[in-house]
Amino acid sequence: MKLEPRRTEAFMRDPGRTRAVLLYGDDVGLIRDRAVRLVRTVAGASDDPFRVVELERDGLGAIPAEMAALSLTGGRRVVRVRDVGMRPSGPCRRRWPDPGSTAGARGARAGDPVEAEALIDKLADAVSIGCYPAEGRALEQSIREVLSALRVEVEEDALAWLTGQLGADRAVTVSEVEKLALFVGPGGRVDIAAARECVGDLAGLSLEDALFAATAGEVAAADRALELALAEGAAPVQVVRAGLGHVQRLQRARATMADGVSVGDATRAMRPPLFFRRQPAFSQALSLWPLAALEWAALRFWDAERACKQTGSPAETIARNAVAGVAQRAAAARRR
């Protein structure tokens with residue numbers, strides 16, 4: 001079932017007898033944070049070798065066997081699967097009986113990017129949780145809570161400025177706010193000058209920001225954001241997979257435009273919905289990339305993923321070149 005946002009925190013504290021949780025959405029930092037919290041809630045620790053097993057995308061076929069395995073030390077086990085791209089429907093169907101023939105998982109075609117979500121939402125003992133960037137009052141409250149926990153106050157104008165700079169990725173937001181708290185010290189007060197001096201222009205950038213900038217033809221911004229994402233631990237394979245997923249979203253939106261839908265309407269109709277700060281870049285990309293060009297971009301990222309997996313390959317260089325090539329082609333389209 002799909003969990004309502006207002007019930008998320010209660011579920012994070014006590015997931016009950018839920019058998020599977022799908023975390024999805026635009027905020028990679030929030031997904032990572034919630035995944036770790038759930039693992040600790042169920043298994044007691046995130047690194048218990050007897051109760052926690054982690055699978056990468058290439059290991060999806062092991063999901064049924066791992067879910068059926070018993071812990072040597074007792075208690076519930078956790079099977080954590082990373083970077084699945086919302087496509088683990090085959091292994092999940094083998095683990096669970098068919099949830100029914102109505103619209104949803106059964107009718108989804110193989111490789112559909114929402115296939116896993118559709119399957120999870122049909123199951124009584126599984127939950128899907130959307131993880132999207134905080135904005136407005138929710139973001140203000142999040143910033144206040146982090147600062148308050150560190151015994152730091154914040155002035156209203158500084159809070160308003162921070163809200164406009166942060167929010168695209170929870171992990172980056174928390175890191176920047178903690179850095180700001182360290183800057184003013186315990187018992188201190190954040191004013192607008194301190195906020196501007198401490199929180200840099202890259203505060204809200206993430207891997208997805210790099211990809212949105214690349215397809216919009218913003219070469220320098222894409223390079224800076226990718227540099228930050230790699231510094232924060234993004235793997236080269238993760239970069240090219242995310243690039244392919246981003247291009248596929250553009251392909252779906254561009255296909256609707258063939259039926260006469262405008263760029264703006266195609267952007268607003270995206271599901272899951274786009275974070276409002278990214279909508280202009282997405283619309284810009286739609287105006288720059290016809291379907292034939294998007295096929296080229298998708299193939300570029302697909303080839304890059306295969307190259308990254310080869311033994312001894314310069315994976316980071318391959319990932320950088322893939323993103324840079326897309327950004328440069330979009331920039332050339334902007335100049336025409």
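**Close-up 1. Strands S1 and S4 side by side.** Strand S1 (residues 20-24) and S4 pair in the parallel sense, with five bridges between them; pairing here takes at least two DSSP bridges. Within this pair, Val21 sits opposite Val127 of S4. Four of the five S4 residues are buried, so the strand is largely enclosed by the rest of the structure. Buried means under 20% relative accessible area, exposed means over 50%, and partly exposed is what lies in between (1.4 Å probe, protein chains only). What you see is a predicted model, in which local features need pLDDT of at least 70 and side-chain atom pairs pLDDT 80 or more, while totals for chains, interfaces and linings use all residues. Residues are numbered from 1 along each chain as its sequence is written, and side-chain values use heavy atoms, leaving out hydrogens and water.

**Close-up 2. The second largest pocket.** This pocket has a volume of about 760 Å³, and its lining runs to 28 residues, with Glu9, Leu30, Arg34, Ala134 and Arg170 nearest the centre. Two or more lining residues come from each of helix H1 (8-13), helix H2 (28-43), strand S4 (126-130), helix H6 (136-149) and helix H8 (170-184). H6 gives the largest share, six residues. By class, the lining has twelve nonpolar, six polar and ten charged residues; Ala, Val, Leu, Ile, Met, Phe, Trp, Tyr, Cys and Pro count as nonpolar, Asp, Glu, Lys and Arg as charged, and the others, Gly among them, as polar. A pocket is an open set of points on a 1 Å grid over the protein atoms alone, where a 1.4 Å probe fits, with protein on both sides within 12 Å along at least five of seven lines; lining residues have an atom within 4 Å of a point. The volume is the space filled by probe spheres set on those points, which are joined across faces, edges and corners.

**Close-up 3. Gly164 in helix H7.** Gly164 belongs to helix H7 (residues 156-165) and is partly exposed, at 48% relative accessible area. Leu139 is 25 residues away from Gly164 in sequence, and their C-alpha atoms are 9.5 Å apart.

Close-up 4. Mean pLDDT (the predictor's confidence in each residue, from 0 to 100) is lowest in helix H4 (residues 89-95), at 52, and highest in helix H16 (residues 315-335), at 95. Residues 97-113 have pLDDT below 50, yet the model gives this stretch 24 contacts beyond near neighbours in sequence, a contact being heavy atoms within 4.5 Å. Helices (H or I, at least four residues) and strands (E, at least two) are DSSP runs, numbered from the N terminus.
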